[in-house]
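This report describes one protein structure for a reader who has not seen it before. Please look at the sequence and the structure first.

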Amino acid sequence: MDSDSAFWKDFDATQVSSMKEMCIAVDEDDNTLGAMSKKDCHLMVNIDKGLVHRAFSVLLFNEKNEFLLTQRSDEKITFPGYYTNACCSHPLYTDLEIETKDAIGVKRAAQRRLETELGVEPFEVPLTDMQYLTRILYKAPSSSIWGEAEVDYILVIRKNLTLKPNVNEVKHVQYFSQNELKQFLDKDVKVSPWFRILANTFLYKWWDNLDDLSKFTDHNKIHKLI
């Protein structure tokens, strides 16, 4: 993948292989610019020059209205060991996942990654079970080398799912009530920057209105939280 094998020597081989994937480069208004490797999208040297890519975050609630918090595996190249929402990843630059109408491409990507990360079979999460709320733009370094700069589509799923976490992706999973999550996030724990933003701005308002999220649905605005 990289002519300088020494660059990758300290990273997990499976995670390194995923860096070949072609993500969707966008501008800050989510206009598609072209294909860019996952590696290039996450290098701070490119982020500092303005490179942004499309992403999604799945917020998963069970039927008791408990929220799923996951801990990223220690093998992850960006934000290893950080706590975050159920599934966070990127649509790829493919015909199926680049489609923007009704966020269908992002939903297909979420279905794919839920299976990869949490072992959720696609039939358990048909696209109609995913509610697309809005988008946020944020940027954050993970290290001096790696970081994130994303237009992040927020998807909500409210359903009991069978979870079989992939240990190369997910270290730990746990459902929380609102009070439990607030107390947990107040502790000295590493939390992904995108989820910290969501928890500080939108999450609890959405959580209180899971029966009807229509008043929070905004497919036109991008919340630029940078």
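Leaving aside residues up to four places away in sequence, Ser-37 touches Met-19, Glu-21 and Met-22 in this predicted model. Ser-37 belongs to strand β2, which covers residues 32–37. Buried means under 20% relative accessible area. Ser-37 has a relative accessibility of 13%, so Ser-37 counts as buried.

An unreviewed UniProt entry carries the annotation "domain: Nudix hydrolase" for residues 51–197.

One cavity of 30 Å³ or more is present in the structure. The largest cavity holds about 280 Å³ of space. Its lining consists of 31 residues, and those closest to the centre are Arg-72, Lys-76, Cys-88, Ser-89 and His-90. By class, 10 of the lining residues are nonpolar, 11 are polar and 10 are charged.

Several helices and strands each give at least two residues to the lining of the largest cavity. They are listed below with their residue ranges.

| Element | Residues |
|---|---|
| α1 | 13–18 |
| α2 | 38–42 |
| β3 | 52–61 |
| β4 | 67–72 |
| β6 | 87–89 |
| α4 | 104–118 |
| β8 | 147–158 |

How values were computed. Residues numbered from 1 in each chain as written. Predicted model: local features only at pLDDT ≥ 70, side-chain atom pairs only at ≥ 80, totals over all residues. Heavy atoms only, no water. Helix = DSSP H or I, 4+ residues; strand = E, 2+ residues; numbered from the N terminus. Buried < 20%, exposed > 50% of the residue type's maximum accessible area, 1.4 Å probe, protein only. Contact = heavy atoms within 4.5 Å. UniProt positions renumbered as here; feature names shortened; annotations may be inferred. 1 Å grid on protein atoms, 1.4 Å probe; cavity = no way out; pocket = protein on both sides within 12 Å on 5 of 7 lines; lining within 4 Å. Points joined across faces, edges and corners; volume = space filled by probe spheres on them. Nonpolar A, V, L, I, M, F, W, Y, C, P; charged D, E, K, R; others polar.
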